[in-house]
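Hi everyone, and thanks for making time for this. I'd like to walk you through a structure that may be new to you, so please have a look at it before we start.

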Amino acid sequence: MKELRLQILISTFGAAGLRRVSRMSLPRISGVGYVVSCQDPDGEISCPRQLLPDRADVELYIHPDRGLGLNRSHALSHACAEFVLVADDDLEYDRDSLCEALRIMESRPDTDVFAFRYSGADNKVYPPSEHDLAIPFRGYNLTSFELAYRLSAIRSKKLDFSRLLGVGAPYLTAGEESVFTERCLQAGLAGRFFPLTIVHHPGLTTGLRSGSSPGVVRSIAAYIYVKYGFAEGILRSLLLAGRVPLPYFRALGYAFQGMCYAIKHKREL
C-alpha cells in the first residue's frame with residue numbers, strides 16, 4: 001500500500017460495533033487508511049474477521065477495557081500517518097470530501113488542528129468561513145468526527161485523550177474531543193475551522209440525545225473549567241444550568257460536580 005498520508009481512527013465497542021463498521025462502506029483512497037480500535041471488555045468477540053472482513057487499508061485492534069476517551073487514545077497510539085481524523089462507527093464518508101480535506105491539511109503547514117463540518121440532523125451552528133479555533137464563535141462547539149490533527153505535532157507535545165472522559169467513562173461521559181483539542185491549543189498548537197463538509201451522520205448524535213444526562217452536564221462543566229479556569233468557569237456554569245432542559249438547581253449541581261471533578265483530576269484531563 002502507498003505511504004499513508006491520512007488515517008481515519010474509528011473507535012467502536014463490542015461485536016455490534018464491528019458490525020456497524022463493516023456497514024460503513026469506507027472509501028478506498030490511495031494514501032488513506034483506517035484504524036479500527038474496538039473495546040471488548042466482556043470478551044464476546046472470538047472471530048473478529050467474521051464481523052469485520054479483512055481489507056489491506058483497514059487495521060483492527062481489540063482492547064479489553066472500556067471508555068471512549070481511552071479508546072480514542074488506543075486508536076491514536078496505532079496511527080503512523082501524517083494526519084489523523086477522528087471517527088465513530090456510524091458515519092457515511094464521501095471519497096471526494098475526504099480527498100479535499102486531505103488537500104487542505106497538506107496545504108496548511110501552519111496548522112496542526114483541523115475542524116471541518118458534518119451533515120446531519122443536529123443542524124449545528126458553524127462559522128461562515130475559516131476561523132481560528134482559539135477564538136470562540138457564538139453557538140459553535142466541537143464534534144469528534146469533524147476533527148483532524150497533525151500527528152507529529154500532538155506527539156511532540158505528548159498529548160492524548162483522557163481516559164476520564166467519553167461514553168463509558170466513570171463520571172464524565174462526554175467531551176473527550178473538546179478537552180483534548182483545548183489542551184492542544186493551550187500547548188501552542190494552531191487550530192483552524194474550515195467550512196468543508198467531510199462526513200454525514202445519520203440521525204441525532206449521542207451528545208444531543210443525552211445532553212441533559214448528569215454525565216454530559218458534568219462533562220460540559222469540566223470542559224468549561226479546562227478552557228476558562230475557575231472564576232469564569234463558575235459564571236459559565238451558572239449560564240450552562242439555565243440552558244439544560246432540567247430543573248435549574250439540579251443542573252447547577254451537576255455542573256458544579258463536573259467542575260470539582262475537573263479540578264481534582266486536572267492533570268489527568
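Before anything else, one definition: a residue is called buried when its relative accessible area is under 20%, and exposed when that value is over 50%. Please also keep in mind that what you see is a predicted model.

Let's start with helix α3, which covers residues 68-77. Which residues of α3 are buried? They are Leu68, Gly69, Leu70, Asn71, Arg72, Ser73, His74, Ala75 and Leu76. That is 9 of the 10 residues of α3, so the helix is largely enclosed by the rest of the structure. And what do the buried residues of α3 pack against? On the strand side of the list we have β1 (6-13), β2 (32-39), β3 and β4 (83-87). The helices on that list are α5 (151-156) and α6 (176-186).

His74 sits in α3, and it counts as buried because its relative accessibility is 14%. Leaving aside residues up to four places away in sequence, His74 touches Ser37, Gln39, His63 and Asp65.

Now step back along the chain to Pro64. You'll find Pro64 in the loop that runs between β3 (58-63) and α3. Is Pro64 buried or exposed? Its relative accessibility is 68%, so Pro64 counts as exposed. Pro64 still has contacts: setting aside residues up to four places away in sequence, it touches Asp40 and Pro41. Asp40 is 24 residues from Pro64 in sequence, yet their C-alpha atoms are 4.9 Å apart in space.

Next, the nonpolar cores. As a bit of background, nonpolar side chains in soluble globular proteins tend to be buried together. In this model, the largest nonpolar core has 62 residues. Which of them touch the most other members? Those are Ile8, Ile10, Tyr93, Phe116, Tyr149 and Ile154. Take Tyr93: beyond residues up to four places away in sequence, its contacts include Ile8, Met24, Leu26, Pro27 and Leu85. Also among the contacts of Tyr93 are Val86, Ala87, Leu98, Ile198 and Val199. There is a second, separate core as well, with 21 residues, including Ala221, Val244, Ala251 and Met259.

Helix α8 covers residues 214-243 and helix α9 covers residues 248-264. Their axes come within 7 Å and cross at roughly 65°, so α8 and α9 are roughly perpendicular to each other. The crossing of α8 past α9 is right-handed. Sorted by class, that contact has 19 nonpolar, 6 polar and 1 charged residues.

Helix α8 also meets α6. Here the axes come within 10 Å and cross at roughly 5°, which means α6 is roughly parallel to α8. On the α6 side, the contact is made by Ser178, Val179, Glu182, Arg183 and Gln186. On the α8 side, Tyr223, Val226 and Lys227 take part. By class, the contact of α6 with α8 has 3 nonpolar, 2 polar and 3 charged residues.

One last stop, still in α8: Ala231. With a relative accessible area of 56%, Ala231 is exposed. How far apart are Ala231 and Val21 in space? Their C-alpha atoms are 43 Å apart, and the two residues are 210 residues apart in sequence.

Conventions:
Residues numbered from 1 in each chain as written. Predicted model: local features only at pLDDT ≥ 70, side-chain atom pairs only at ≥ 80, totals over all residues. Heavy atoms only, no water. Helix = DSSP H or I, 4+ residues; strand = E, 2+ residues; numbered from the N terminus. Buried < 20%, exposed > 50% of the residue type's maximum accessible area, 1.4 Å probe, protein only. Contact = heavy atoms within 4.5 Å. Axes fitted to C-alpha atoms, helices over the stretch in contact; angles between N-to-C directions. Parallel < 35°, antiparallel > 145°, perpendicular 65-115°, else oblique. Left-handed = near helix turned anticlockwise from the far one by under 90°. Nonpolar A, V, L, I, M, F, W, Y, C, P; charged D, E, K, R; others polar. Core = buried A, V, L, I, M, F, W, Y, C linked by side-chain atoms within 4.5 Å.
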